[in-house]
Structure formats: C-alpha cells, structure tokens
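Please look at the sequence and the structure shown here, and keep both at hand while reading the explanation that comes after them.

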2 protein chains.
Amino acid sequence: MAQVDALIFDVFGTVVDWRSGVAREAEAATRHLDVTGVDWGHFADRWRARYGPSMAAVREGRRPFVPLDVLHRENLDGVLEEFGITGLTEEETDGLNRAWHRLDPWPDSVTGLMRLRSKFIIAPHSNGHLALMVNMARRAGLPWDAILGAEVVGGHYKPAPESYRGAARMLDLPPERVMLVAAHNGDLVAAHEACGMRTAFISRPLEYGAAREAVPTATYDYAALDLEDLATPLGC
Amino acid sequence: MAQVDALIFDVFGTVVDWRSGVAREAEAATRHLDVTGVDWGHFADRWRARYGPSMAAVREGRRPFVPLDVLHRENLDGVLEEFGITGLTEEETDGLNRAWHRLDPWPDSVTGLMRLRSKFIIAPHSNGHLALMVNMARRAGLPWDAILGAEVVGGHYKPAPESYRGAARMLDLPPERVMLVAAHNGDLVAAHEACGMRTAFISRPLEYGAAREAVPTATYDYAALDLEDLATPLGC
C-alpha cells in the first residue's frame, strides 16, 4: 500500500455513541414534563432517521448549506411532534438539540486515537460542524490535529464527492494518501469512488442499540473491530 | 467584560519565531552551494517582506485565493533571485519553502497555550493554511482545539473583515465572545473594527531579530508580555 499520511474519521457512530447519549439527554430534558411510555432509544433512532433526508435537501441543491445544528433542530421539532411531546421551552429545546455536542466516545476511541496520532495526522471528517466537533472533542478528550467536515470543506455534506475531495485538499495531500475510517459502508464506498481515498471499516454492532450485524459489504484497505484494533496493523 | 469563550491566535510572530527558523533553514538548504556573505536573518526578513503584498493581490481580488504555500513559493523564488542564489533543485526549493511548517514556538507558547486551553477554546487564525498549521502544531506540540485561518473561512486573508467574521461564525460564537491574540497592531485593530472581536496584544520584541519596540498602539482588552503573562489575568 502507498504511504498514508492522514486518517480522517466519521464521528457519529464510528468515534462516539450517539444513540445512548441522545437517549439519556432526551429523557433528562423531559423529566419535568408529563411524558410516559417513551422508549428513549427509539426516540434517538427516530431523531437520527431524519438526519439523512434533511442533508439530502442540501446535497441536492434544494436549500443552501446550513450547519448541522440547524438541521438537528428542525428534526428535533419534528420528532417531538411525532412523539406528542410538548411543553419544552425554547431554551430547553436548544439545550436538548446540543446533546449531539456531548456524546460519549466508544471505550476504545480515545486510546485508539492517541495511538493512531503517533504516526498519522488525525481529523474528524463529519457532517457535524466545527463548533460541535470542538465541543465534543474537549468534553471527550479526542486528540484531533484539526477539524475537517462538511462546513470546513465549503458546505458539502457526505457522501457528496466534493466532501471527500475537499478533505484531501485541505490536508494538501493526494487522496490516496488519506484514509477514511468509518463504521458505515456508504461513506467508505463514496470516499473511494470520489477520489481513490483509502478506507478502513470499523465494526460498531451497538450503534443502534441491541447488537446487530455490522460487517463490511465492500472491500476496504482495512476492516477492524475498533480503533485499537486498527492501530495495530497500522504499526501504531 | 462579557464572557469570552474562545481565543484565536495570530501565529507567525505571535506563537512561533519565524525569523530564526527561516534563517536557519535557508542557511542549511544552501550550504552545498557557493553562497557567501549572506545574512540569513536578513534573507528571512526579505522573504517575509513579500508576504503582505502577495496577499494583497488576493484580498483586492486581483487573483483568486491560493494557500500560503503558493505565495511563499513565489516569494521564495523572488528572494532567491534578489540574493543571486542559484543552483537549488526543485525538490530543495520546495523543501526550503516548507521551512514555514517547521518553525519553533517562543519559549512561553506551549505552556501558555496549555494554560489558556484549560478555560477557553483555542485555535490559530493565521493566514497560513490548514496543512501548514497541522504540520507546525504536531512538530511544536501546540495543543489547538481546531485550526481556523484564511483557508478555512473560505479564502479570506487577514486583515480582510470577512476573515474575522468567518472565524467567529465557524466557532458559532458572537464575535464579542471571541478574542484575537496577536503581536501585531494592524491585525487586532482590524478584528475589532470588523466585528467587535475582543483583543489581546502580545509583545514580541524579538520577532525581527535584535530587540525593537513592540508596544500596543491602540487600546486592547489585554496587553501582555507573552502567552503565560496573558493566562494569569484570564484566570487560567
């Protein structure tokens, strides 16, 4: 394999556990209301389910780029209505929306990233915006060298090809010297097709709660069980 | 003073000593050539002198945005000609151009940034591009939370107002909750005029070699002797 100089990371699901964090915060934010019988993991899933379609509107040019906080908030308003939850103030709703800034890393993430950073430039390349990624990293101790992502590359949500090409351009590296690390097949396939970026699949069977199959459906440069398991074959 | 959440930093001169590093690398890169009688500090000054005018062409719309490596290289070709230095290969010239990626921090920079980071988001907001800032930070141990700068805010070189506004926008903060830390009066005044950004002046009397006066010529929120001296009044 040609030399790889930088690893860029999908974040929601690959580096952090969005479902548990969002469920925990949604339950806490509504505890003072008369809400019963909600499965908060399911609430998180339904909020997340609106994520892809909301970004598609930007990718397809039906609306201009907006940071992910804006899409998350619109989607939160929708999912609150879906669950018949009313009574949150504007401030409480905004606070809950920022649950995505306060997600916990998977148990291997910090130690895995520290190892990977010893040899490679490491940066998140998420659809989350820079402010969200900074808040998350400071809270969770994620030792990024820089923050990339949809906003930093000029407003291109993954899996738009411009997103991956932009990440390599910002790193001033040929795409084949950059490797995307992600738990999602679509992300990895798009990165490779966009510009020949290298790929590493991480299994995250618990991303959606109860264990489910999380296997590579294409051929990647690496497939690993977690970030520590990726560090070893990369010589870190 | 209203709450400040983030500190953004000028880098060349404020955080790192560009003159010594460039002089050292220029001397080393040309040692195998028949070059005599060059004052390499003066060479660094002359290279740096071309920096402002070369960015002005971009700021004034006479050429599209290009990363700083491109301007540095054009300016290096010019200064080599000015000094009558010939015989560097393309690879050697490119290597010397990247001297700006390998500058040493001032003695207080790493410890000062570590203290400031305990309380504030910290990020460089330099005219240097992301790849340069990442290489510099990894080598020097600068503990940035994110990399901002001319390239990240959409291609606006300081002191263009869009540059400062863009930095606050990327941090998702009102400009008055962001403070620019810089050793250069023009940078600080422009940031405040552009968007009411807070300002901290750092004295760097050795930036141009032999000690010279380095004093604030306007009123700033803070004026300090170095980054440790700034950390103290900020409660870090």
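This is a predicted model: local features need pLDDT of at least 70, side-chain atom pairs count only at pLDDT 80 or more; totals for chains, interfaces and linings use all residues.

Residues are numbered from 1 along each chain as its sequence is written, and chains are lettered from A and ligands numbered from 1 in the order in which they are written.

Chain A is divided into domain 1, made of residues 6-17 + 103-231, and domain 2, residues 18-101; such bounds come from an automatic or database domain assignment. The centres of domain 1 of chain A and domain 2 of chain A, taken over C-alpha atoms, are separated by 23 Å. Where these domains meet, 19 residues of domain 1 of chain A are in contact with 15 residues of domain 2 of chain A, two residues being in contact if their C-beta atoms, placed from the backbone, lie within 7 Å. On the domain 1 side, the elements that give two or more residues are β2 (16-17) and α7 of chain A, and α7(A) supplies the largest share, three residues. Helices (H or I, at least four residues) and strands (E, at least two) are DSSP runs, numbered from the N terminus. By class, this side of domain 1 of chain A has eight nonpolar, seven polar and four charged residues, where Ala, Val, Leu, Ile, Met, Phe, Trp, Tyr, Cys and Pro count as nonpolar, Asp, Glu, Lys and Arg as charged, and the others, Gly among them, as polar.

The sheet of chain A comes next. Strands of a sheet pair through backbone hydrogen bonds, either parallel or antiparallel. In chain A, five strands form an open sheet in the order β4-β1-β5-β6-β7, and the pairing is parallel; two strands pair if DSSP finds at least two bridges between them. The edge strands are β4 and β7 (222-224) of chain A, each of which pairs on one side only, and the twist averages 20° from one strand to the next. Helix α8(A) packs on this sheet, touching β1, β4 and β5 of chain A, and its direction makes about 130° with that of β5(A). Helix α9 (residues 185-195) of chain A also packs on the sheet, where it touches β5 and β6 (198-202) of chain A, with a direction about 165° from that of β5(A). For these angles, axes are lines fitted to C-alpha atoms, for helices over the stretch in contact, and the angles run from 0 to 180 degrees between N-to-C directions.

Within that sheet, strand β1(A) pairs in the parallel sense over four bridges with β4(A) (residues 121-124), and also over four bridges, again parallel, with β5(A). Ile8(A) stands opposite Ala123(A) in β4(A) and opposite Leu180(A) in β5(A), while Phe9(A) stands opposite Pro124(A) in β4(A). Both faces of β1(A), residues 6-9, are covered, with Ala6(A) and Ile8(A) buried on one side and Leu7(A) and Phe9(A) buried on the other. A residue is buried if 20 or more other C-beta atoms lie within 10 Å of its own, exposed if 12 or fewer, and partly exposed in between, with C-beta atoms placed from the backbone.

In chain B, helix α6 (residues 109-117) has Ser109(B), Gly112(B), Leu113(B) and Leu116(B) buried. Seen down the axis of α6(B), these buried residues fall within an arc of 95°, so they line one face of the helix; the arc is that of the directions from the helix axis to the C-beta atoms. What covers the buried residues of α6(B) includes β1 (6-9), β3 (104-105), β4 (121-124) and α10 (227-231) of chain B.

Between the chains, 14 residues of chain B are in contact with 14 residues of chain A. The elements of chain B that give two or more residues to this side are α7 (130-140) and α8 (161-171), and α7(B) gives the most, with five residues. By class, the side of chain B that touches chain A has eleven nonpolar, no polar and three charged residues.

Some backbone details remain. Most residues other than glycine have a negative phi, and most peptide bonds are trans. The peptide bond from Lys158(A) to Pro159(A), however, is cis, with omega near 5°, and Pro159(A) is placed in the loop between α7 and α8 of chain A. Asp172(A) has a positive phi, near 55°, and is partly exposed, with 18 other C-beta atoms within 10 Å.
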